[in-house]
Amino acid sequence: MVLKLILASMVGVAIRTRYSEITSAKGIVTAALDELEMAPAPIEPSWIIAGNPEARLSLHSRSTDQQATTAIWDCTGGTFRWYFGWDETVLILDGEVRVTGEDGAERVLKEGDIAYFPAGSSAVWHIDDYVRKIAFGRREFPGSVNMALKLREKFRR
């Protein structure tokens with residue numbers, strides 16, 4: 001009974017949230033890449049394997065539910081392990097990076113390449129000189145919220 005009540009509440013919140021998203025006015029967020037202000041975004045020191053990579057970040061946008069972001073990130077040469085706390089899709093804008101996945105496969109990403117890194121994964125990044133990317137990040141909702149959203153979609157059909 002309590003579980004049903006909690007589930008019904010979550011579905012109600014999800015529907016109400018979606019309704020307010022549809023009915024509230026949303027502005028378009030635009031920016032020229034070279035006009036975004038880049039701020040230092042130091043890599044966790046224990047992740048650095050070699051060199052002295054210096055990373056910077058500019059948050060372009062964040063979704064209203066705080067679950068998705070778009071950012072520009074760049075970094076100078078070095079080698080480090082990166083842990084992905086969010087699902088992240090990247091598009092390389094400048095430079096290149098050699099990425100070694102957990103499976104040991106190495107891939108070279110260069111200007112125009114796109115890659116996806118699932119939440120909970122890690123990869124070793126080796127940057128010879130410089131790389132700049134646009135990153136689309138998405139957090140996963142907690143399991144109970146995901147279930148409520150799936151139920152909502154089922155009822156819509």
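Is R107 buried, exposed or partly exposed? R107 has a relative accessibility of 43%, so it counts as partly exposed. The structure is a predicted model, and its chain contains 2 helices and 8 strands. The mean pLDDT of the chain is 83, with 82% of the residues at 70 or more. The stretch of residues 1-25, however, has a pLDDT below 50.

**Overall architecture**

- Along the sequence, the elements are arranged as α-β-β-β-β-β-β-β-β-α.
- The chain has 157 residues, of which 30% count as buried.
- Among the contacts with a separation of 6 or more, 66% are made by residues 24 or more positions apart.

**Confidence**

- For the chain, the mean pLDDT is 83, and the value of 70 or more is reached by 82% of the residues.
- Residues 1-25, where the pLDDT is below 50, have 13 contacts in the model beyond near neighbours in sequence.

**Strand pairing**

- Strand β1 (residues 39-40) and strand β3 (residues 55-62) run antiparallel and are joined by 2 bridges.
- Within this part of the model, P40 lies opposite R56, a residue of β3.
- Strand β3 is also joined to strand β4 (residues 68-83), through 7 bridges and in an antiparallel arrangement.
- R62 has T69 of β4 as its bridge partner.
- The hairpin formed by β3 and β4 has 5 residues between the strands, and Q66 adopts a positive phi near 65 degrees there.

**Salt bridges**

- The whole structure contains 8 salt bridges.
- One of them joins the side chains of R98 and E106, with an N to O distance of 3.5 Å.
- R98 also forms a salt bridge with D128, at 3.8 Å from N to O.
- This second pair links distant parts of the chain, since D128 belongs to strand β8 (residues 122-138) and R98 to strand β5 (residues 87-101), 30 residues apart.
- R98 counts as partly exposed because its relative accessibility is 28%.
- D128 is likewise classed as partly exposed, because its relative accessibility is 47%.
- Another salt bridge connects the side chains of R107 and D103, with 3.9 Å between N and O.
- On the D103 side of that pair, the relative accessibility is 61%, and D103 therefore counts as exposed.
- Through salt bridges that share partners, R98, E106 and D128 form one network.

**K133, a buried lysine in β8**

- K133 is located in strand β8.
- Its relative accessibility is 5%, and K133 therefore counts as buried; the cut-off for buried is under 20%.
- The side chain of K133 is in polar contact with the side chain of E88, at 2.7 Å.
- Leaving aside residues up to four places away in sequence, K133 touches A71, I72, W73, E88, V90, L91, I92, L93 and W125.

**D87, a buried aspartate in β5**

- D87 is part of strand β5.
- With a relative accessible area of 10%, D87 is buried, because the class requires a value under 20%.
- The side chain of D87 makes a polar contact of 3.1 Å with the side chain of Y116.
- A polar contact of 2.7 Å connects the side chains of D87 and R138.
- Beyond residues up to four places away in sequence, D87 touches Y116, F117, P118, A119, F136, G137 and R138.

Technical notes:
Residues numbered from 1 in each chain as written. Predicted model: local features only at pLDDT ≥ 70, side-chain atom pairs only at ≥ 80, totals over all residues. Heavy atoms only, no water. Pairing = 2+ DSSP bridges. Helix = DSSP H or I, 4+ residues; strand = E, 2+ residues; numbered from the N terminus. Salt bridge = Lys/Arg side-chain N within 4 Å of Asp/Glu carboxyl O. Buried < 20%, exposed > 50% of the residue type's maximum accessible area, 1.4 Å probe, protein only. Polar contact = N/O pair within 3.5 Å; in protein donor to acceptor, adjacent residues only side chain to side chain. Contact = heavy atoms within 4.5 Å. pLDDT = per-residue confidence, 0-100.
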